[in-house]
Amino acid sequence: MNVLFMMMDGFRTEIGAYMHLIQEQPWLNIKVKTPNLDKLAKEGMLFERAFANFGRCSASRSSMFVGRRPDSVKIYDEISWIRDILGENLITLPQYFKENGYRSYGFGKTYCPVTGGDRDKLKSWDVLWTIGKERRRVSWGVYTKHQSQDSPLKDDILLDKVMNTIEDHRRNITNPFFLFAGFKKPHLPFIAPEEYFDLYPTEEMKTSPNEYRPKNTPDTNPGQHHNEEFFWYKDMWKTRDSYGPDNIAIEPEVAIALRRAYYACVSYIDHLIGKIMNKLEESGLKNNTIILFAADHGVHLGENGMWGKDTSFEVSTRVPMLLKIPGVTKPNSRTRHFVEIVDIFPTLVDAAQLPPVPLCPEDSRGLGLCTEGVSFLPLLIDGEPKHWKTRVFWQGRWIHDHQRYRAHTVRTDEYRYTEYVPHTDGAVREWPEVPKATELYHKATDPGENNNLWNNVSYADVIKDLSRKLHAGWRSALPEGILDDD
């Protein structure tokens, strides 16, 4: 069974197939146009509640590629390289497939930083092509047909490599493939061909429905941060100078232009996905290929008064995930069960019927192969397994008064609860009796996270219970029987 894993960079759940969830994700654009991803969703399973374990590409991808959580991987930025931390004997997701007879391909944005991915070429990949950085001076732009002919966009080049690889396996390569296609869009800068801008007339675009700080937010609340990513670009310098704690809603015309460009990138990527799906169909390989579509994290487009990623808000951590396993997934199926990015490694191994990846012990240092995720194949087979996760975890970061803090979050069916504590390299060594700050959002009544209940005495018992669950960590939330089987 082949594996095609398509991972997007900063792709929110902005897919038509997710629009039935707009009440619990009010930031979604109901007019988004993604016909090809909608079709893929109908062919397999759509995960309604999938989450990244860190709202930042470096931490999220490192966690995904080794199947371990940020506390174990210890990567929180674009500086560290994963094998420098976990050792050269580490076995990554593509490496595991390669060592089990697959031909592994890494196209586009794989790891973050990409220089680390280059260093990993011999161990993890048979073929590697990294997409690199786009060095542009503007945050968004329309790419004309003439420009496309002279200099194709990086994702167009990636598409050609994916198409050629599928054709090679159709013709003369007998080994199954593990193909990771890491598309760059809709990551900044929001550059897309002009025809995709035409899908979103300016007069139909709106700003975010909640361009303001959550109510009951202290002035030093770490949930609010000044993410520089959008403001590095020359066309955003004027906006950067006026954007701040007291003026967090940027100029409406700037916000609308950015949001329109983002959605143009989404539809552009959807078009490329459609080409890949058609190629798989024409090659005769589609019925023998596991297809996974996911994103590494989300991004704020004005929601909660912020622009950028790297926050604890759900718009930064909730991601799309679509999975089709021939002969296993039922068409047009959905699940409400929680899944996490860290679960991808054991799930793909399970779906391909390779030897299972063992669960990590509490201290996995020095171990080449283990996972802190759980295969979610039972969700596809059983639909409603008797036991499953009732909570998931993610992290963020915050610098305040020149001190570094880390945000630790637990998400249950009803709540999102976060504690900000001094940063440690790895797991928290000792939870402080009183965190630097806390956040509590009642997701059932406040899906957009607009009212922070951190000091509401009516929720004192809820906070106490959620704090206990947060401190107990991911092992305490494993489906029943997982630890017993280890």
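Q: How do I read burial here: are Tyr196 and Tyr268 buried or exposed?
A: Burial goes by relative accessible area: under 20% is buried, over 50% exposed, and in between partly exposed (1.4 Å probe, protein chains only). Here, both Tyr196 and Tyr268 are buried. Bear in mind that this is a predicted model, where local features need pLDDT of at least 70 and side-chain atom pairs pLDDT 80 or more, while totals for chains, interfaces and linings use all residues. Residues are numbered from 1 along each chain as its sequence is written, and side-chain values use heavy atoms, leaving out hydrogens and water.

Q: How many aromatic pairs does the structure hold?
A: Phe, Tyr and Trp rings (the six-membered one for Trp) pair with centres within 6.5 Å; planes under 30 degrees apart are stacked, over 60 edge-to-face, the rest tilted. There are 26 such pairs in this structure.

Q: Why is the pair of Phe65 and Trp125 called edge-to-face?
A: Their ring planes meet at 85°, with centres 6.3 Å apart, so edge-to-face it is.

Q: Which parts does that pair tie together?
A: Helices (H or I, at least four residues) and strands (E, at least two) are DSSP runs, numbered from the N terminus. Phe65 belongs to helix H2 (residues 57-66), and Trp125 to the loop between helix H7 (121-124) and strand E4 (127-130), so parts 60 residues apart in sequence are tied together. Phe65 is buried at 0% relative accessible area, and Trp125 is buried too, at 2%.

Q: What about the rings of Tyr196 and Tyr268?
A: With centres 5.7 Å apart and planes at 50°, they count as tilted. Tyr196 sits in helix H10 (residues 194-197) and Tyr268 in helix H12 (residues 252-283), so this pair ties together parts 72 residues apart in sequence.

Q: Which residues do ring pairs link into a cluster?
A: That cluster joins Phe190, Tyr200, Phe230, Tyr262, Tyr263 and Trp307.
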